[in-house]
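Colleague: I'd like to learn how to read a protein interface and its charged pairs. Could you walk me through one?

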Amino acid sequence: MITVENVTKRFGPLLAVDQISFHVPRGEVVGFLGPNGAGKSTTMRILAGFFPPTSGHATVGGLDVVTQTHRVKQMVGYFPERVSVYPDLPVRSFLDFVAEAKDVPRRERKQEIARVIEACGLDKVSDRIIGHLSKGYRQRVGIAQALVHKPEVLILDEPTIGLDPEQVVEIRRLIRDLGADRTVIISTHILSEVSTVCDRVIIINGGRILASESLTELRAQLQRTRRLQVEVEGPESAIRGLLEQMPRVETVRSLELGVRGPESNGSAAFIVEYTGEDIRKEVSRALLQQGWGLLEIRALELTLEDMYLQLVQQSNGTGAGVYLAPATLVAE
Amino acid sequence: MKFMCVFKKELRLYFGSFIAYSLMTAFLILTGYFFYTDMVFFDLFGDFMDITSSLWTYYFLDLRFVTMLILPLLTMRLFAEEKKLGTIELLWTYPLKDPHIILGKFFACCFIFFLMVFLTLAYPLLLSTVHQFDWGPPLAGYVGTLLLGATFIACGMFISSLTENQVVSAMSTYGLLVFFWFLTWNEEAIGTQVIGVVSQFSLFDRFQDFAKGVINSKDIVFFLLMTLFFLYLTLQSLESRKWRGIR
């Protein structure tokens, strides 16, 4: 449904999107994941026909976004990152304008507007002026305008940002429902959103795609590598050497002191990555045989967050050696 | 007729936010005051002269001034506001072509301006109840006013498409219009030959004949061409997003 080939977008000297390529089949919900300024919005704007790419080729439903922009626009519902609505118009007149702009035939207009008003839960506020609504409602008006005329492709740029938790759940459910019979691209930096809503995730940073995998693949990959956190009282380099020699262990990294807290004087903590069966038993036995004090050993769940941070940090060149324990991520 | 949706939206915005009402009120108060003073002048000194040169010419030159004062305030928001609010992103991702957007906005402003001018017909109508006169010259003046207004609107819209700040938009429009106005003021400074050329482009001098009750087809063509020229510039300004590095 959506094909992007070697698309690049420059803003003067700034390279916003750098030679990206991906493909989204019909009916898939894809999550665009990446830090701010990664190039998510730029890519989405190109697909929505807002501006053409500097170079490269992109099609939506087989139509070229540069040469057949008008027909692409008829097919796409777009929700911009900056919630853009006319604050001086009442909800219904705004949607009326949208329906007319999107070529909804005159006799179907009323019905179509009623449909999106209901779908986005705007019944109570449909006659109020948009500028007087709460942020959550304004956001919904923004989503409602994207839904008018049942577009085959929905491009939603951070649709749940700034909503309260209850509304977030509602909007996600709505996106899930919509995704049942159409292609959806949503961008976000909320990772749980990806796992609840998307079939596939594209991780993007610095204008490049770092990973593009289906959520099932990703889960399988996450389960392949397992992690242990070990805290031991003893000589750090000797402990590290021992751990590295254990069978099936891939990497051993020191945990930053600051992350552990003040009571860990004289001890060293590590993150051990390994594959296959649980090796906690073997590790603890080997450590105790050396006469070191084993203070803590626990299995760490490798989460989407870890994976994402690893990828982004690697691509930023800051990832080497630094590892944040999941506990600290949760605390954030 | 795709521009109709933008046209209707603009009118809803103008009348929903009191911009239209406040500008129309100001326009009517100012023109009403000018008509009153011009009429007093005509009443005191004008009995021996014809009404065209002693009332209508003054009235339409005043009307021209008020038009210049009011229209930049009407057009300043056209694109500047859309850019500021981010709603331009919607317009540019809906199946609307740039000419639809431009024409919708242009005609919406023209509609409001024509409505204002139409309401001022009350002044000559009132005068006609106490004083018989030929309707030809004032109608020529009104035709000129509408053409001049349309050109001002196109000019203001073009400037609004260059900025996202409404104040900058209005001030720059004033700057450009005043420049057109003062273009031919000082013949000594720029020389008679140059003035012969630039006076052809002075929006304000072109209006003079209309004010005197004369409709020249070349003046009509001039205003229409100027309007088209500014509409074209607006189109180019909008299309520039396709090759310029804007965010």
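Predicted model: local features only at pLDDT ≥ 70, side-chain atom pairs only at ≥ 80, totals over all residues.

Colleague: Where do I start with size: what area is buried between chain B and chain A?

Modeller: The size of an interface is often given as the accessible area lost when the parts come together. Here about 3000 Å² is buried between chain B and chain A, with carbon and sulfur atoms giving 61% of that. On the residue level, chain A puts 33 residues into the contact and chain B puts in 30.

Colleague: And how many salt bridges cross the interface of chain B and chain A?

Modeller: Side chains of opposite charge can pair when their charged atoms come close. The rule finds 4 salt bridges across this interface. Polar contacts between chain B and chain A come to 14 residue pairs, counting residues at pLDDT 80 or more.

Colleague: Which elements of chain B give two or more residues to the side that touches chain A?

Modeller: Those are α1 (4-16), α4 (77-85) and α5 (88-93) of chain B. The largest share comes from α1(B), with 7 residues. By type, that side of chain B splits into 13 charged, 12 nonpolar and 5 polar residues.

Colleague: Let's zoom in on a pair. Why does the salt bridge of A:Arg45 and B:Glu89 join two chains?

Modeller: Their side chains meet at 2.9 Å, N to O. A:Arg45 sits in helix α1 (residues 40-47) of chain A, while B:Glu89 belongs to helix α5 of chain B, so the pair links two chains.

Colleague: Are A:Arg45 and B:Glu89 buried or exposed?

Modeller: The cut-off for buried is under 20% relative accessible area. A:Arg45 has 16%, so this residue counts as buried, and B:Glu89, at 4%, is buried too.

Colleague: What about A:Asp103 and B:Lys2?

Modeller: That salt bridge has an N to O distance of 3.0 Å. A:Asp103 is in the loop between α3 (91-101) and α4 (106-119) of chain A, and B:Lys2 is in the segment before α1 of chain B, so this pair also joins two chains. A:Asp103 is partly exposed at 32%, whereas B:Lys2 is buried at 18%.

Colleague: How many salt bridges are there over all chains?

Modeller: The whole structure has 29. One within chain A pairs A:Arg280 with A:Asp278, at 2.8 Å between the closest N and O atoms. A:Arg280 is partly exposed, at 32% relative accessible area, and A:Asp278 is partly exposed at 32%. In chain B, a network of salt bridges links B:Lys9, B:Glu10, B:Arg77, B:Glu81, B:Glu82 and B:Lys105.

Terms used
Residues numbered from 1 in each chain as written. Chains lettered and ligands numbered in written order. Heavy atoms only, no water. Contact = heavy atoms within 4.5 Å. Buried area = accessible area lost by both parts, 1.4 Å probe. Polar contact = N/O pair within 3.5 Å; in protein donor to acceptor, adjacent residues only side chain to side chain. Helix = DSSP H or I, 4+ residues; strand = E, 2+ residues; numbered from the N terminus. Nonpolar A, V, L, I, M, F, W, Y, C, P; charged D, E, K, R; others polar. Buried < 20%, exposed > 50% of the residue type's maximum accessible area, 1.4 Å probe, protein only.
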